[in-house]
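Here are my notes on helix packing and aromatic pairs. Please read them with the model open.

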Amino acid sequence: MIAAATDPPPQDEAAATASVRDALRALALDLRWTWSHRADALWDRIAPDLWARTRNPWVLLEDVPSARLAALAADAGFVAQLDDLAADRRAYRDAPGWFAGAYPAGAYPAGAHPGGAHPGGALAGVAYFCMEFGLGEALPLYAGGLGVLAGDYLKTASDLGVPAIGVGLLYQEGYFRQMIDAAGWQQEAYPYNEPATMPVQPVVDAGGARLHIPLALPGRTVRLRVWRAEVGRTTLYLLDSNDPLNEPVDRGITGKLYGGGTEMRLLQEIVLGVAGWRLVEALHPEVEVCHLNEGHAAFALLERARSLAARLGLDFETALWACRAGTVFTTHTPVAAGFDRFPAALLAQYRAAAAGAVADDVATAALALAGTTPGEAFNMAFLALRGSYASLGVSALHGTVSRRIFQPLFPRWPECEVPVGHVTNGVHVPSWDSREADAVFTAAGGKERWRHMAEPLHHAIAAVGDEVLWDMRARSRQRLVRAVRERLRRHLTGRGQPPAVVAQVDGVLDPNILTLGFARRFTAYKRPNLLLADPARLERLLGDPHRPVQLVLAGKAHPADPDGKRMIQEWVAFAARPAVRARVVFLEDYDIALAQELVQGVDVWINTPRRPWEACGTSGMKVLANGGLNLSVGDGWWAEAFAPDLGWQIGAVTQPDAAAQDAADGRELYAVLEGAVRPEFYDRDRGGVPRAWIARIRRSMAVLAPRFGATRMLRDYLEQAYLPAAAALRRRLADGAAVARELRQWELRVRRGWNSLHIGAPDVAREADGWSFRVPVYLGEIAAEDVRVELYADPAPGAGAGAPPVVVALARGGPLPGAVNGFTYAGQVATARPPRDFSVRIVPCHPEARVPVELPLIRWQE
């Protein structure tokens, strides 16, 4: 408790100021403030201008004068506000969280939980690896959606009490800051990330010295410093090569996010994976699940296997059988060209660093996991998938696309059986909701609503009155308009524009008219200029005197993408037209802070990717809790979410080529805006409330906000990946890794005898409800227990995407007369399909193996 004094003696005044400073530092170092409206109010109260410009309380506390802190320490109201936040933080950190209640320690006795009893409960820990983390502007270590998702993941793990840590890199330069020059062309700047200005602290070892993770590179050893950022109840660890004792070139390994050439990118990924796993073993040896968020960190699975082999006296392949069980891979890439690949010759230079100090033949075998043919470029995504127990896309449609992309790793396996599932992304709602939406949800569902599963909110939001929701939307829109004007004012003033020009900002946008938002990376497949397909028509839409529309845009193009920059330039030029100048705004330097302003204030979020190139696209999810609606192509998450009463969809009809698709989608986009969106927004009753519009908002908030929140996403990861993976890992490591040793021997036996398998001609007979099959199978050198004989048929025509195939295990009967290790296999299938749809096949079988990811062999009847 911090006490404010009335006319205190000087020494008491100094003590009170120091106490306030210490309490503020503790709050500033815990990034939980990034999802607290109450914390926003505290920082704004201390130094409004500093807070508005930096959104970084750590910098704010360094710059605020001591006299200001002394005045605040003497302000009883401020001290009470600070005490309240400090008490709330203590209560939050001390609470057990949803996970402890859902999966309590000791609740899984042997036989009930597949892993048996375990002192850590169902899950001892997860290490979440990612090249970027977007937690807020105070820690600018992200480029876009991948990093923002990683930040939302850590925040959600904190809220739910899931035992997870993050592992990433501390870049000296994060992603670029965008400036638009007088010609409308994007320019890039790369500010230096000074650790002293970021809410991170160095990690020290048991002796009090700074912790360094060593990494052997050709001819030298790199020392990697370790930093930690508190994220509520979770921790993000960051590796940093900028140590004075490193060679200058090595200090630059963590110099720039996605910067440098191919070799520097490889070094970054070796640091993230290899040194990252060493960090985990040094600080969190309890971790069971290694989650690779994209393939960048896939070297972690090789380092984990190398370390386990050395510790338990295993060969590398047996250690890989054990470690694979504890590895989860999420792919975010919708096209194979997006995977990181490295030339074989370059990998040869860094083979020891990437695969560890193992024998050459073992290193070669380990690195072969990343290709399909000898000498092929080293594919990080292939390594990640082959080394993981579970691999997942980020939406249902993306799962389908990913199975097609990874098909080459599973020759002769049907595409529908390629082992890639999906967990649809979700967003950390408290990071993205407005103050107004927060108040509505708090009144409906309580302040703890996002710290457990949010499905019960459906009924709570359904009961919120129309006027309450409409008032929420009006105030949120008004705040967006003010924020846009302030940004424009700051940009124009900074460019030396005369006061008369700056004053025109007050006429930009109107808080009472339909507001559309579009903010994406500007690249060809996202089609950010689809709405510019007919500028004259767009101008008429915006300028309608009775039902006007306004548009706020933002987004960056990759520095090496001139086409993306030209698309930005086209929008900047259009926004400068006198007829639309007050109705269209392009805001430069799209970042998390700007994204929050947009998703909280817009009425409709527009998304126009070229299907199916949008893996998920979480930006549209962020408007849901704020009462925003979506108008999107049916791609990514919207392919799962769309219903006619929840928003609008375009592009459902496939055209013969990209140009025709763009033209048709552009026409449909205009038609939906003109004929559906705009009329519904302006159709008001006598009280001025658009009842149909509010009904759509309520359904979207009630149905979609909980469904596409990160609490659901993390539960899906737990149930589909983490808990099964942790249980399998425990089984494989028990009794000196007995199961892992057995699996390695099983693999060797099966591979050795696979070519001796032969399937004879099946005998098919009609049954009352389908067909019976009898087939002679010659197992050659393979034991019957090591394989399974199956009847297979592709999903039925018209079954729809994601439909499962028909797979029926055939029972082994008696031996075949005169054959060595030959048997009759038989079974029935209930179906109306003809027998020609079915084929007999043989696949590897072991109760502890996951086929085909761990052994992709298959033999079909000829």
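**Notes on packing and rings**

1. Val677, Glu680 and Phe681 in helix 27 meet Ala692, Trp693 and Arg696 in helix 28. Contact here means heavy atoms within 4.5 Å. By class, this contact has four nonpolar, no polar and two charged residues. Ala, Val, Leu, Ile, Met, Phe, Trp, Tyr, Cys and Pro count as nonpolar, Asp, Glu, Lys and Arg as charged, and the others, Gly among them, as polar.

2. The model is predicted: local features need pLDDT of at least 70, side-chain atom pairs count only at pLDDT 80 or more, and totals for chains, interfaces and linings use all residues. Residues are numbered from 1 along each chain as its sequence is written, and side-chain values use heavy atoms, with hydrogens and water left out.

3. Helix 27 (residues 658-682) and helix 28 (residues 691-707) have axes 6 Å apart, at an angle of about 110 degrees. They are therefore roughly perpendicular to each other. Angles under 35 degrees count as roughly parallel, over 145 as roughly antiparallel, 65 to 115 as roughly perpendicular and the rest as oblique. Axes are lines fitted to C-alpha atoms, for helices over the stretch in contact, and angles run from 0 to 180 degrees between N-to-C directions. Helices (H or I, at least four residues) and strands (E, at least two) are DSSP runs, numbered from the N terminus.

4. Helix 12 (residues 316-324) and helix 29 (residues 710-753) cross at roughly 125 degrees, their axes coming within 8 Å. The two are therefore oblique to each other. The contact of helix 12 with helix 29 has eight nonpolar, one polar and five charged residues. Among those meeting are Trp321 in helix 12 and Trp746 in helix 29.

5. The structure holds 29 aromatic pairs. Rings of Phe, Tyr and Trp (its six-membered ring) pair if their centres lie within 6.5 Å; planes under 30 degrees apart count as stacked, over 60 as edge-to-face and the rest as tilted. Phe129 and Trp277 are stacked, with centres 6.5 Å apart and planes at 25 degrees. Phe129 lies in strand 1 (residues 126-129) and Trp277 in helix 10 (residues 262-283), 148 residues apart. Phe129 is buried at 0% relative accessible area, and Trp277 is buried at 3%. Buried means under 20%, exposed over 50%, partly exposed in between (1.4 Å probe, protein chains only).

6. Phe681 and Trp693 pair edge-to-face, 5.1 Å centre to centre with 85 degrees between the planes. Phe681 is buried at 0% relative accessibility, and Trp693 is buried at 0%. Ring pairs link both into a cluster with Trp470, Trp648 and Tyr682.
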